[in-house]
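Me: I am new to this structure and would like to learn how to read it. Could you walk me through it, one feature after another?

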Amino acid sequence: MKLENDYSLQEHNTFGIEARCKTFFEYDTDEELFDFVRLHKDDSDFNFFVLGGGSNVLFTKDFDGTIIHPATKGKKIIYETTDYIFVEAQAGEIWDEFVDWCIANKAYGLENLSYIPGTVGASAVQNIGAYGAEARQFIHRVKFLHLDSGDIQYMSNEACCFGYRESIFKHLLKGKAIILSVVYKLGKHANINRSYADVEKYLTDNNIANPSPADIRDAIIDIRRKKLPEVTETGSAGSFFKNPVVDAETFNKLKEKFPEIKYFAAGSNFKLAAGWLIDQCGLKGFQHNGAAVHKNQALILINAGNATGNDVLELSQIVQNKVLEKFGVKLEPEAIII
Ligand SMILES: Cc1cc2nc3c(=O)[nH]c(=O)nc-3n(C[C@H](O)[C@H](O)[C@H](O)COP(=O)(O)OP(=O)(O)OC[C@H]3O[C@@H](n4cnc5c(N)ncnc54)[C@H](O)[C@@H]3O)c2cc1C
């Protein structure tokens, strides 16, 4: 357990941005969290934010309250059927270590979500997704501390209201729930998802005809390492914006004007590739003070050196305005701005 006042968060956000918080509380067991919350939740000035790995947040100012940081560890198989393995991981587990552990324990499904930074707790808040998979396909149940009642509660997959990088924890339960653990329902039999062209290319290049889940994990890690900036070298929050979803009428008008537009079908709507929209505005590599648009991945805003949170925020607004001007489409940040 760690309790510090006036604490720097620079090491706790992948942008590497300096911001301080009034109090920083890191806990290793759920009981430490319960004691802390019991003591402070009725304080008139109790204001908190749960910070996992800080890989999807942008601090634009100091946080005038308590940062609650789960460092709880533990993962175990809790139940098995003929076809499924139910595994539970504590909120503070590192997501990618959990994925690796699942594959080693012959529990399959998460391999396409390999190498996403962050914690298990946040995987349910964010409904993380990549390479044709989303956490919601596998989340069985979320256990959390409800701040209002002080009770431990359980939320089924359906009740989590998962959407594209969305869940109930970002809306109805925002600021009210601290996730303690997540149960994932994984397959005993591999169900290989090689729908992405990059994955297929890796398999062909490496002469892998019948890939195992471990091969898919290797493929994803290799692709991501080549495409995305390593957070240890370049500060970022991954994709800064969501891919905007537009209706068929808007899409058809855009397609007429920009026949090359990159998109994915999203039910009766269309999801536009935000990176392509930004790139078409000529913004790859564009720098604003200490922040820049990544030179290869336009969807990623980076800390180009000593960026402040406001440098990144202003850059994001410049990008939004340019895309709105050219395409009439509003980009929404995926990163959480504090
Ligand atoms: C290089 C890079 C690549 C990325 N690639 C992807 C990708 O492919 N797909 C993808 O979906 N995301 C991606 N991301 C974004 C990020 O990795 C995910 O959003 C991740 O789930 C964030 O985890 P975290 O622990 O860092 O959460 P944080 O950034 O610390 O927090 C995110 C949100 O979750 C809340 N939260 C965290 N833990 C808890 C808890 N225990 N209880 C309640 N609320 C909690 C926070 O309050 C906040 O609202 C990428 C980020 C980077 C830097």
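Reply: Gladly! Let us begin with the naming of elements: helices (H or I, at least four residues) and strands (E, at least two) are DSSP runs, numbered from the N terminus. Residues are numbered from 1 along each chain as its sequence is written, and side-chain values use heavy atoms, leaving out hydrogens and water. This is a predicted model, where local features need pLDDT of at least 70, side-chain atom pairs count only at pLDDT 80 or more, and totals for chains, interfaces and linings use all residues.

Me: Where is Asn-207, and what is its phi?

Reply: Most residues other than glycine have a negative phi. Asn-207, in the loop between α4 (197-205) and α5 (213-227), has a positive phi near 55 degrees. Cys-161 has a positive phi too, near 50 degrees, and lies in the loop between β11 and β12.

Me: In what order do the five strands of the open sheet come?

Reply: Strands of a sheet pair through backbone hydrogen bonds, either parallel or antiparallel. Two strands count as paired if DSSP finds at least two bridges between them. Here the order is β6-β7-β12-β10-β11, with antiparallel pairing. At the edges are β6 (75-80) and β11 (152-156), each pairing on one side only. Strand β10 (residues 139-146) is joined to β12 by seven bridges, and Lys-143 stands opposite Ser-181 in β12.

Me: Which strands does helix α2 lie across?

Reply: Contact means heavy atoms within 4.5 Å. For angles, axes are lines fitted to C-alpha atoms, for helices over the stretch in contact, and the values run from 0 to 180 degrees between N-to-C directions. Helix α2 (residues 95-104) lies across β6, β7 and β12, at about 45 degrees to β6. Helix α1 (residues 30-40) lies across β7 (84-90), β10, β11 and β12, at about 150 degrees to β12.

Me: Which residues come nearest to the ligand?

Reply: A residue is near a molecule if one of its heavy atoms lies within 4 Å of it. Of the 34 residues around the ligand, the nearest are Val-50, Gly-52, Ser-55, Thr-119 and Gly-129.

Me: How do I read its polar contacts?

Reply: Look for a pair of N or O atoms within 3.5 Å; within protein, one must be able to donate a hydrogen and the other to accept it, and residues adjacent in sequence count only if both atoms are side-chain atoms. A backbone N or O atom of Gly-129 is 2.7 Å from a ligand nitrogen, while a polar backbone atom of Gly-54 is 2.9 Å from a ligand oxygen.
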